[in-house]
Amino acid sequence: MLRRIEISTLCFAFSFSVLLIILIRYTDNVNYLPFIGRNVNLIEEIQLQESILTNYDGSPNIEKLLERTRREIKSELRNYNFTSSGVNRLEDLLLESGGQPKRSVIISSWRSGSTFLGQILNVMPANYYHYEPFFEHKLQISGPPLADKASKMVNNLLKCNYVDMEDYFEYRKRDLDQFTHNTRLWNICKHKLELCYDADIMNKICKLFPFQSMKLVRYRLRLVQNILEDHQLNIRVVLLIRDPRGVLQSRRHLDFCQKAPDCREPERLCADMVNDYVAAKQLMLDYPGRLKIVRYEELAFNPKGETLELYKFLKLGGLQSVEKFLYSHTNVKIAGVTSTYRITRDIPFKWKHLLDFKYVAKIQMACKEAMSLWGYRKAENATHMKSIEFYPVDQYVIV
């Protein structure tokens, strides 16, 4: 009799736990319903999430793993309008089917909001995220001897070609951030890391995905000509710019910046900004419709509107999942240097109240040309800098 009571108690506890999990998930979904403006079938949504979050079970059967990933991608895109991406069906966007993915590359610099923008693109359903392939570099890649090798790596990654990339894999064995930010790849690899170090398997996994995005903060804009002229890629590029005063205020939180002149010195930052302006002007002439400029301040103050324009430029749909991300990441603050949970409207002008004016004056002196080209107003003195009337962002024109 006692044994029966124990079994009954265990069954009740298990059933109660399952019910509690479902109720918590139901609450989370309900909170988002008014924002995304549609009714969600709760059971269907939970089943979908369970499917997407299913992890690799350690099976050596790679074909079984790939087939399950194909099913999960189709689940993510079950309501996707492929005509928004200029095609009629999923297979038109898959390398394994002879199609061409929609590819995008973000070019920026340290602490310019690129992690936030990268995640905006990564919440796109079935997106494969090439996160910071040059993460180990402490210098900007702008010319020889690194530029040719770096450009070849960018090209290979976007074509899902991991062959002969031993250096790429070697660093990622020491720093898993490169994989964990690629959420869909990490979901496959996290229980068997050897999968992420096998070039042949990585080639096959990458070719399953219809959308690819990449974020680069150590690779200057003029170098993207090498990938823009490759018709097989049909790449679109986003240049993310931020007020150098805000960038340098944010970089104070990076330990490596204190030892890296490329990261610490305003002269180097603003020389890159000038060079990016010159490169943007030429690339817009040579490759019309393939480059979009986003200023961080405008993205922070109007995340939904700017994201809508960005997705149109990149020919992406899937805005419902993006709206959910923006709602959760722009209205609450979670501490951390790389955290993307911010009250975004509070971020762009924090430097006005955190930096000493003597340091701001030094930045403005070194960055006079860059600020003029990219439309950032000068603070005249400490009182002017901290005043409500001083709005640092002005118009700019690429001429």
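**Entry 1: surroundings of Gln-364**

I looked up which residues Gln-364 touches beyond its neighbours within four places in sequence, and I find Arg-245, Met-371, Lys-378 and Ala-379 in contact with Gln-364, where contact means heavy atoms within 4.5 Å. I note that this is a predicted model, in which local features need pLDDT of at least 70 and side-chain atom pairs count only at pLDDT 80 or more, while totals for chains, interfaces and linings use all residues. I also keep in mind that residues are numbered from 1 along each chain as its sequence is written, and that side-chain values use heavy atoms, with hydrogens and water left out.

I place Gln-364 in helix α18 (residues 357-366); helices are DSSP runs of H or I of at least four residues, numbered from the N terminus. Gln-364 counts as buried because its relative accessibility is 7%, the class being under 20% relative accessible area, with a 1.4 Å probe and protein chains only.

For Ala-379, one of the contacts listed above, I checked the polar atoms and find its backbone nitrogen 2.8 Å from a polar atom of the Gln-364 side chain.

**Entry 2: disulfides**

I count 4 disulfides in the structure, each being a pair of cysteine sulfur atoms within 2.5 Å. With the bonded cysteines numbered in sequence order, I read the pairing as 1-4, 2-3, 5-6, 7-8.

I looked at Cys-160 and Cys-206, which are joined with an S to S distance of 2.0 Å. I record -60 degrees about the S-S bond of Cys-160 and Cys-206, a left-handed link. Cys-160 is buried at a relative accessible area of 1%, and Cys-206 is buried at 0%.

Cys-189 and Cys-196 are both buried.

The sulfur atoms of Cys-270 and Cys-367 are 1.9 Å apart and form a disulfide. This pair links distant parts of the chain, 97 residues apart, with Cys-270 in helix α13 (residues 266-286) and Cys-367 in the loop between α18 and α19 (368-374). I note a torsion of about 85 degrees about the S-S bond of Cys-270 and Cys-367, so this disulfide is right-handed, and both cysteines are buried.

Conventions: Helices (H or I, at least four residues) and strands (E, at least two) are DSSP runs, numbered from the N terminus. Buried means under 20% relative accessible area, exposed over 50%, partly exposed in between (1.4 Å probe, protein chains only). A polar contact is a pair of N or O atoms within 3.5 Å; within protein, one must be able to donate a hydrogen and the other to accept it, and residues adjacent in sequence count only if both atoms are side-chain atoms.
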